[in-house]
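Visitor: I am new to protein models. Could you show me how to read this one, feature by feature?

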Amino acid sequence: MKKAIVQIKDLKKVIKGKEIIKGLTFDIYPGEVFGFLGPNGAGKTTTIRMMVGLTSASAGDAIIDGNSIQNNFEKAVSKVGAIVENPDMYKFLSGYQNLKQYARMVSATDSRIDEIVKLVGLENAIHNKVKTYSLGMRQRLGLAQALLHHPSVLILDEPTNGLDPAGIRELRDYLRKLAREEDIAVIVSSHLLSEMELMCDRIGIVEKGKLVKVEDMNEFIHGDNQETQVTFQVEPLDLAERHVREQFPNSQVAIKDNGLVLSINREEISEVSSFLLHNGVRIYGIQSKAKSLEDRFLEVTSQ
Ligand SMILES: Nc1ncnc2c1ncn2[C@@H]1O[C@H](COP(=O)(O)OP(=O)(O)OP(=O)(O)O)[C@@H](O)[C@H]1O
């Protein structure tokens, strides 16, 4: 196992006497895309703002590449590249001129600019004015800016906001490539769970300032529990529902789009079917659907 590049240790934030972040502890590793999820108001933005130095931590610590944000703040934050609020760009300058300005502040060389421009795929447009860029291209220019100083950790708050499906897909591919090729830890927070499912290797779920889960994405969604959602198209529906609730009191049962929906194991599909047939219910169709990140997210948070 690689050594953690970010160690969050019992991190807390109190705002106006109220504890907003109630002691988070988790690690993030180089080369992974880590999704930070949670319902509205859970504390994602506040946690990210502490990690990038936009607000101070009330207690606990975040160790970034060996440096504590409490004791060695400047050094810790110098290892972070972030797009938290919309990055400011000069629209009447070219993408290259914008990067050049920023490179001066972080002492990045021209060859680093060229390297990053290539990495984010802006070679053909880099000398055009930013005002001619699409939102997706601006997002990539923001990424390039955040990467100029060789950060070990890249943090993006809601990076897919405002992008169309093609733009979202493109960004997803770049972030995965970055994690893989530059061995950067990429931390993203987003409300779009279907996107996060495709983008992230691991996730941390926060709710009311506390950590609910930190887990490998696949394990979180599929885990040991191989239950799937199975929809039975049956008649009569009310009779089927009554029988199933009595016979399988521990299973989740719902009626959706005129079908009987059960959360059961693969093996139980034939058991339920034969039970229904023996109780005078006719079956017209059976569909099973693997759980999604959204299904699991709603199960573990109290939404
Ligand atoms: N400056 C502040 N003063 C008072 N309360 C604040 C302040 N900043 C954040 N909060 C509160 O802290 C909680 C967490 O907010 P935060 O923005 O971190 O949540 P979030 O998970 O990012 O939510 P969202 O998904 O809606 O962006 C919320 O209840 C919010 O009202």
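**Strands, domains and a ligand shell**

Guide: Start with a strand pair. In this predicted model, strand β11 (residues 228-235) runs antiparallel to β14, and seven bridges join the two.

Visitor: Which residue of β14 is the bridge partner of V234?

Guide: I283 is that partner. Here is a general idea for reading strands: in a regular one, side chains alternate between the two faces of the sheet.

Visitor: How many residues of β14 are buried?

Guide: Zero of its eight residues (282-289) count as buried, so β14 is hardly covered. Buried requires 20 or more other C-beta atoms within 10 Å.

Visitor: How is the protein divided?

Guide: Into domain 1 (6-221) and domain 2 (228-300). Their centres, taken over C-alpha atoms, are 41 Å apart. At the contact, domain 1 contributes 10 residues and domain 2 contributes seven.

Visitor: Which elements supply the domain 1 side of that contact?

Guide: α7 (193-199), β10 (210-216) and α8 (217-221) each bring at least two residues. α7 gives the most, with four. By type, this side of domain 1 has seven nonpolar residues, one polar and two charged.

Visitor: Now the ligand. Which residues are around it?

Guide: Look for I15, K16 and I20, then G38, and then N40, G41, A42, G43, K44, T45 and T46. Helix α1 (residues 44-51) gives the most to this shell, with three residues.

Visitor: How do the shell residues divide by type?

Guide: Six are polar, three are nonpolar and two are charged. Compare the domain 1 side of the contact, with its seven nonpolar residues.

Methods:
Residues numbered from 1 in each chain as written. Predicted model: local features only at pLDDT ≥ 70, side-chain atom pairs only at ≥ 80, totals over all residues. Domains from an automatic or database assignment. Contact = placed C-beta atoms within 7 Å. Nonpolar A, V, L, I, M, F, W, Y, C, P; charged D, E, K, R; others polar. Near = placed C-beta within 6 Å. Buried ≥ 20, exposed ≤ 12 C-beta atoms within 10 Å, placed from the backbone. Pairing = 2+ DSSP bridges.
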